[in-house]
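Reader: I would like to learn how to read a structure from its computed features. Could you take me through one, giving the general idea before each case?

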Amino acid sequence: MLESEHERDTTPAMTKRILIAGFRHETNTFSKLPTDMAAFEARSLHRGAEIAAAYRGTKTEVAAFFDACERHDWTPVPVVMADATPSGKVTRAAFEAFTAEILAALDEGGPVDGLFLPLHGAMVTEHADDGEGALLEALRAKVGRGLPIAVTLDLHANVTETMANLADILVSYRTYPHVDQYEIATEAADLLARRLAGEIAPGCTVARGAMLDGADHGRTTAPGPMTEVLERAARFRKEPGVLSISINAGFPWADIPFAGPTAVVVGDGPSPRYAEIAEALIGEIWDKRRRRTIAPVSVAAAMAAVAAAGSGAAEGPIVLADYADNPGGGGYGDSVDLLGGMIAAGLENAAYATIYDPEAAALCTQAGAGAEVTLSLGGKVEPRFGAPLEVTGTVKRLTDGRLTFDGPMNAGVSVAMGPTAVLAIGGIDVVVTSGRFQVYDRQYLKHAGIDPAAKSVVAVKSAQHFRAAFAPIAREIVVVDGGGGLTSANFKELPFEKLRRPIYPLDLE
Ligand SMILES: [Zn+2]
């Protein structure tokens with residue numbers, strides 16, 4: 001053997017370099033609030049070395065991926081992690097800015113061996129119905145087909161054929177509340193490792209049905225359609241060549257052709273079997289489309305339930321979920337119909353988190369802790385969801401709105417809501433804040449000196465995610481859909497124009 005050949009054979013493999021870029025948004029196209037750069041800055045926007053500082057040690061995909069880099073001896077190349085609270089279409093300027101940033105990193109940061117993209121899967125921009133598809137198209141145009149791309153998605157993704165064609169690996173959450181972000185990113189990273197080692201040739205197959213909503217919207221907190229279809233997927237997963245299966249409940253508040261549930265199979269090499277599996281799973285979702293594990297009630301019925309349950313704070317609070325105005329699905333977070341019902345019912349030892357109203361938060365801040373104020377609260381973003389509430393209360397506490405989640409969901413992640421006040425209206429401590437956030441963590445109350453476990457009644461702006469943190473302390477959970485918000489399940493009343501038809505539940509039973 002020639003010396004030079006011998007040297008070439010034993011040269012240690014170079015450490016692989018993996019680009020990490022997250023650009024996440026769940027777009028409610030019926031919202032009038034555009035999602036611009038400021039919306040990402042208001043929720044979570046980190047670049048370069050800041051990303052590890054913000055996310056390492058948290059229960060998130062990015063944290064899992066940094067850990068995977070250590071495990072597989074990869075060099076992470078973190079570019080950007082951008083996340084905005086669900087709202088209206090992402091502006092073309094914001095989309096192009098983030099895309100350009102990732103492309104520039106590919107140009108200037110040296111060659112990479114793969115891409116890891118923690119995305120959401122339900123992003124709509126001003127110019128593209130399939131935001132993630134448009135991002136992947138731009139990236140593929142730069143890196144070509146040969147470079148592996150691993151993508152993680154929310155289970156409320158509206159997965160498209162473009163996404164499935166352009167990503168090598170797609171893995172979605174399998175829990176709602178989404179408490180497995182770390183685990184599914186670990187799965188995606190380990191598949192990427194096998195692809196980089198040449199062990200597998202992954203590709204994605206997607207199937208969708210004539211449904212806008214299905215799989216019980218993905219809920220996994222009670223046995224139901226989602227847990228059953230996930231169990232079936234786990235059995236299919238054992239078949240030869242099947243590398244991963246994701247069930248996406250979809251995001252129905254999006255007027256785009258392909259909104260709705262999907263099944264995604266990641267398979268090793270091409271096989272007609274993957275499409276059969278995806279179709280079988282979507283068929284099961286269709287068969288079970290009418291089954292729900294929740295039964296939302298009106299505000300009046302919720303107040304009746306509270307009255308019937310009595311005060312009983314020692315047993316923990318009755319938790320009221322404001323389903324129709326969930327900022328986690330694009331709700332404005334300023335609907336006051338449930339709060340109005342609570343005030344009219346004269347509830348004692350109660351709390352409400354949160355009402356998005358920067359104006360009211362500023363008035364409370366100016367008045368100062370201890371002051372009595374009279375102001376109009378909430379109902380300001382879009383008057384068709386109800387007028388503001390005229391209230392008089394006492395400013396109990398002021399905060400800067402900074403908090404770090406206890407979890408389980410997103411444990412360790414920090415957010416800053418901006419100036420925040422606790423306004424006591426009768427027996428109800430109302431957290432009035434300057435930022436739009438879904439209340440899925442007890443810190444939204446605790447950071448402001450409110451112990452939710454000691455309250456008789458706690459109302460939250462959340463549809464389902466709150467269960468991860470609040471179910472352990474709740475005496476009872478009541479889901480309230482008063483209709484007064486952008487995330488009400490009244491799909492038949494929404495002005496769909498682009499959605500494929502016919503579709504359940506608009507045209508099909
Ligand atoms: Zn989700």
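**Reading loops, strands, sheets and a helix**

Reader: In which loop is the place of Gly144?

Author: Helices (H or I, at least four residues) and strands (E, at least two) are DSSP runs, numbered from the N terminus. In those terms, Gly144 lies in the loop between α6 (131–143) and β5 (149–153). Before going further, note that this is a predicted model, in which local features need pLDDT of at least 70, side-chain atom pairs count only at pLDDT 80 or more, and totals for chains, interfaces and linings use all residues. Residues are numbered from 1 along each chain as its sequence is written.

Reader: How confident is the predictor, and over which residues does pLDDT stay under 50?

Author: The quantity pLDDT is the predictor's confidence in each residue, from 0 to 100. For this chain the mean pLDDT is 95, and 97% of the residues reach 70 or more. Over residues 1–11, however, pLDDT stays under 50, and the model has 1 contact beyond four places in sequence for them, where two residues are in contact if their C-beta atoms, placed from the backbone, lie within 7 Å.

Reader: Does Gly144 count as buried or exposed?

Author: A residue is buried if 20 or more other C-beta atoms lie within 10 Å of its own, exposed if 12 or fewer, and partly exposed in between, with C-beta atoms placed from the backbone. Gly144 counts as exposed because it has 8 C-beta neighbours inside 10 Å. From C-alpha to C-alpha, Gly144 and Leu166 are 10.0 Å apart in space and 22 residues apart in sequence.

Reader: What is found on the two faces of β5, and with which strand does β5 pair?

Author: Two strands pair if DSSP finds at least two bridges between them. In β5, Ile149, Val151 and Leu153 lie on one side and Ala150 and Thr152 on the other, and all are buried. Strand β4 (residues 114–118) pairs with β5 in the parallel sense over 4 bridges, and in this pairing Phe116 stands opposite Ala150.

Reader: In what order do the strands of the 3-stranded open sheet come?

Author: The order is β7-β9-β8, with antiparallel pairing. The edge strands, β7 (202–208) and β8 (242–248), each pair on one side only. From one strand to the next the twist averages 15°, given that axes are lines fitted to C-alpha atoms, for helices over the stretch in contact, and angles run from 0 to 180 degrees between N-to-C directions. Helix α8 (residues 181–196) packs on this sheet and touches β7, β8 and β9, its direction making about 150° with that of β8. Within the sheet, β7 and strand β9 (residues 262–268) pair over 7 bridges in the antiparallel sense, and Ala207 stands opposite Ala263 in β9.

Reader: How should I read the buried residues of a helix such as α10, and what covers them?

Author: An α-helix has 3.6 residues a turn, so residues three or four places apart point the same way. Helix α10 (residues 272–287) has 16 residues and reaches 23 Å from its first C-alpha to its last, close to the 22 Å expected at 1.5 Å a residue, the expected span being 1.5 Å times one less than the number of residues. Its buried residues are Tyr274, Ile277, Ala278, Leu281, Ile282, Glu284 and Ile285. They cover an arc of only 150° around the axis, which puts them on the same side of α10; the arc is that of the directions from the helix axis to the C-beta atoms. What covers these buried residues includes β7, α9 (225–236), β8 and β9.

Reader: Which strands are at the edges of the 8-stranded open sheet, and what packs on that sheet?

Author: The strand order is β12-β13-β16-β17-β11-β18-β10-β19, and the pairing is mixed. Strands β12 (372–377) and β19 (476–480) are the edges, each pairing on one side only, and the twist averages 30° from one strand to the next. Strands β11 (residues 350–356) and β18 (residues 457–460) run parallel and are joined by 4 bridges, with Val460 in β18 as the bridge partner of Ala353. Helix α13 (residues 358–367) packs on the sheet, touching β12, β13 (389–399), β16 (420–425) and β17 (428–433), and its direction makes about 170° with that of β12.
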